[in-house]
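Q: I am new to reading protein models. Can you take me through one, feature by feature?

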Amino acid sequence: MAKKDKLPLTAEDFIETEDGMSVENSSAGDTDKILDAPVNFVRKLKFGSFSVAVTALFIIAVIFVVGIATVLEKVYPIRLDFTSDKRYSISKENSDYIKTVGKDITVTVLCTEENYVGGYYYSYLQYSQGVSGSDANTYFQQAVDLLNQYHQYNSNIKIRFVDPQDAGAEIVAEKPSVGDFLVESGEEGNVRRRLLTFSDLYVVETDQNSYYGESYITGSNVETAVTSAVFYVVSDKTDQIAVITAYNGDPMSDIRTNLEKNNYEFTEVTNLLTETIPEEASALIIAAPDSDYTRDEIQKVKDFLDNGRQLGKTLYFFTRGGRTPGANLSAFLAEWGFEILPGTIYEQDANYRLIEQYALADGFVAQGAGYQYTQKYDSGGSYYIVSKAAPVRMLFTEQGGYTTAQIVKSRGTSAVKPLNAATDWAAPTDESEEYSILSVSETSTYDNDNYKTLTSRIVVGASIDMFTSAVTSAYNTCNLDALTAMMNTYVGRAEDSMQFEQKSISAVTFSPPTELGAVWIAIVFMALIPILIIGAAIGVYIRRKRL
């Protein structure tokens with residue numbers, strides 16, 4: 001019989017394999033040619049469908065991962081910042097604080113986003129403030145990026161861009177201008193606000209060689225300004241400080257600028273004989289007056305510190321090298337344990353003298369004295385940089401109800417440089433000693449009714465200049481940090497409360513990623529990801545070929 005006459009087939013014509021499939025029994029003759037068609041069709045259909053499913057799942061997975069990454073980027077501040085000082089990112093200190101804010105806050109930019117970056121705002125600044133330069137829009141874009149991170153770190157912080165000319169903008173602020181930031185928090189009728197102007201947000205320098213006196217943005221204070229404004233609007237109170245500017249007393253502008261960012265407000269007293277010190281002031285500042293105070297004026301200061309025996313007040317007395325207080329002020333300070341000598345501190349150890357490196361007049365690096373509220377700055381990799389400091393001696397540790405302590409001091413290699421020292425003056429090595437740069441004296445009493453200790457104090461600073469921006473802008477300087485931490489503690493704020501020191505970000509530091517960072521970006525996006533995709537595709541192809 002011909003092979004085609006072997007049909008119909010019987011069970012003997014098949015054998016079962018180990019995987020349970022039925023295939024041709026070779027001993028059954030030539031039925032394989034007939035069976036191959038339906039069996040191979042079923043197998044190809046089955047495994048071809050599997051390959052299509054794998055491919056579809058792979059494509060879906062890629063789309064899913066890209067979608068998730070996009071959503072995460074919108075919600076969380078996930079970004080690769082390879083700049084050495086993280087200029088494109090909110091600092092850890094500020095981000096840690098932002099995450100803790102529990103109140104609703106609105107930050108309103110008085111300009112639409114399209115006009116703020118690359119639009120009308122730049123033209124407005126050219127006309128109103130003479131701002132020029134191609135870097136301006138770089139700063140504006142960086143400001144927008146930083147604002148978006150505030151919302152990413154804390155959903156309670158809302159960011160909005162509005163046209164101030166729009167009738168529905170609902171802007172409540174005194175003399176707002178285009179591009180200002182308005183930070184608000186609170187319920188209707190009890191809203192705290194802070195308006196941040198262009199000068200609060202950006203550092204501007206004028207080109208003196210320009211015929212038209214053109215100005216250029218050279219730095220950004222956006223992060224510090226916005227975070228301090230957030231701190232202000234969510235705070236329950238603002239501490240008051242009075243500054244006595246009588247007898248040409250220094251107004252301490254740089255310290256005031258920094259402390260205003262830390263939720264302090266200032267009042268100037270120009271004449272102690274005719275004006276009163278505000279009762280709500282928690283502290284008083286006297287800075288390098290060029291004449292002595294009268295006994296009546298000294299008595300007003302004493303009455304302020306006594307506060308009706310309720311104490312709780314602080315006097316900050318700042319001087320500088322070559323400025324010795326008069327007889328009445330000297331006697332008052334001596335009662336609290338301070339003696340300010342004529343002359344200027346001169347550091348003999350060249351390793352700590354900064355005249356050559358920083359061009360600071362009689363500048364040097366001082367050292368922390370282990371004071372309880374500032375000791376974290378004493379050995380944390382930052383430095384107390386001092387300039388034009390008066391030699392201050394502590395007269396006692398404890399006497400007459402007063403207790404003194406050093407906060408910052410010079411080294412034992414310090415000498416006193418006379419007021420009119422010759423250019424070839426040499427310090428006598430046998431007269432070296434430590435002098436106080438920042439020190440405190442306290443007097444206390446116990447309140448039996450409220451079961452608490454009441455304290456008033458005087459803090460003496462040997463150098464006004466150590467708190468000026470010219471010094472505090474130096475790398476790794478902790479002068480203002482330590483002073484602010486101490487002041488915050490004295491007014492009852494937590495020792496670890498937020499502190500804000502002006503931080504400028506320069507456009508020249510907006511460098512592209514470092515060389516190493518660029519290499520890694522190239523490896524990931526130009527090699528690793530394509531290789532993974534190609535490998536997956538080859539795997540699917542080989543799998544299908546085998547089937």
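A: Start with contacts. Two residues are in contact when heavy atoms lie within 4.5 Å. This is a predicted model. Among its contacts with a separation of 6 or more, 69% join residues 24 or more positions apart.

Q: How many helices and strands does the protein have?

A: The protein has 14 helices and 23 strands.

Q: What share of the residues is buried?

A: Buried means under 20% relative accessible area. Of the 547 residues, 40% are buried. The accessible surface comes to about 29400 Å². Carbon and sulfur atoms hold 53% of that surface.

Q: How do I read a sheet?

A: Strands of a sheet pair through backbone hydrogen bonds, either parallel or antiparallel. Now take the open sheet of four strands here, with the order S5-S3-S6-S7 and mixed pairing. Strand S5 (157-161) and strand S7 (190-196) are the edges; each has a single partner strand, so one side of each lacks a neighbour in the sheet. Neighbouring strands of this sheet are turned by 20 degrees against each other on average, direction ignored.

Q: How many bridges join S6 and S7?

A: Seven bridges join strand S6 (residues 181-187) to S7, and the sense is antiparallel. Look at Glu184: its bridge partner in S7 is Arg193.

Q: Which strands form the open sheet of three?

A: The order is S4-S9-S8, with mixed pairing. Strand S4 (131-132) and strand S8 (202-206) each have a single partner strand, so one side of each is left without a neighbour in the sheet. S4 and strand S9 (residues 215-220) run parallel, joined by two bridges. Val131 has Ser215 in S9 as its bridge partner.

Q: Which helix lies across S8 and S9?

A: Helix H5 (residues 136-153) does. Helix H5 runs at about 30 degrees to S9.

Q: Why is strand S23 described as largely enclosed by the rest of the structure?

A: Count its buried residues. Strand S23 (residues 452-461) has 10 residues and eight of them are buried, so the rest of the structure largely encloses this strand.

Q: Which strands pair with S23?

A: Strand S13 (residues 314-318) runs parallel to S23, with five bridges. There, Tyr316 stands opposite Val459. Strand S22 (residues 436-447) pairs with S23 in the antiparallel sense, over 10 bridges. In that pair, Glu442 stands opposite Arg457. S22 and S23 form a hairpin with four residues between the strands. Tyr451 in this hairpin takes a positive phi near 55 degrees.

Q: What is a nonpolar core, and which residues touch the most other members in the largest one?

A: Think of buried nonpolar residues joined through their side chains. The largest core has 69 residues. Tyr316, Phe318, Phe332, Ile437, Ile458 and Met486 touch the most other members. Helix H13 gives the most to this core, with seven residues. A second, separate core of 39 residues includes Tyr97, Tyr202, Val226 and Val233.

Q: What does Tyr316 contact, beyond its neighbours within four places in sequence?

A: Its contacts include Ala283, Ile285, Val459, Leu483, Met486 and Tyr490.

Q: Where is Val491 found?

A: Val491 is in the loop between helix H13 (479-490) and helix H14 (515-546). Leaving aside neighbours within four places in sequence, Val491 is in contact with Lys237, Asp239, Tyr264 and Ser282. The C-alpha atoms of Val491 and Lys313 are separated by 8.5 Å, with the two residues 178 apart along the chain.

Methods: Residues are numbered from 1 along each chain as its sequence is written. This is a predicted model: local features need pLDDT of at least 70, side-chain atom pairs count only at pLDDT 80 or more; totals for chains, interfaces and linings use all residues. Side-chain values use heavy atoms; hydrogens and water are left out. Buried means under 20% relative accessible area, exposed over 50%, partly exposed in between (1.4 Å probe, protein chains only). Accessible areas come from the Shrake-Rupley method with a 1.4 Å probe; for residues, only the protein chains shown count as cover. Two strands pair if DSSP finds at least two bridges between them. Axes are lines fitted to C-alpha atoms, for helices over the stretch in contact, and angles run from 0 to 180 degrees between N-to-C directions. A nonpolar core is a set of buried Ala, Val, Leu, Ile, Met, Phe, Trp, Tyr and Cys residues joined through side-chain atoms within 4.5 Å.
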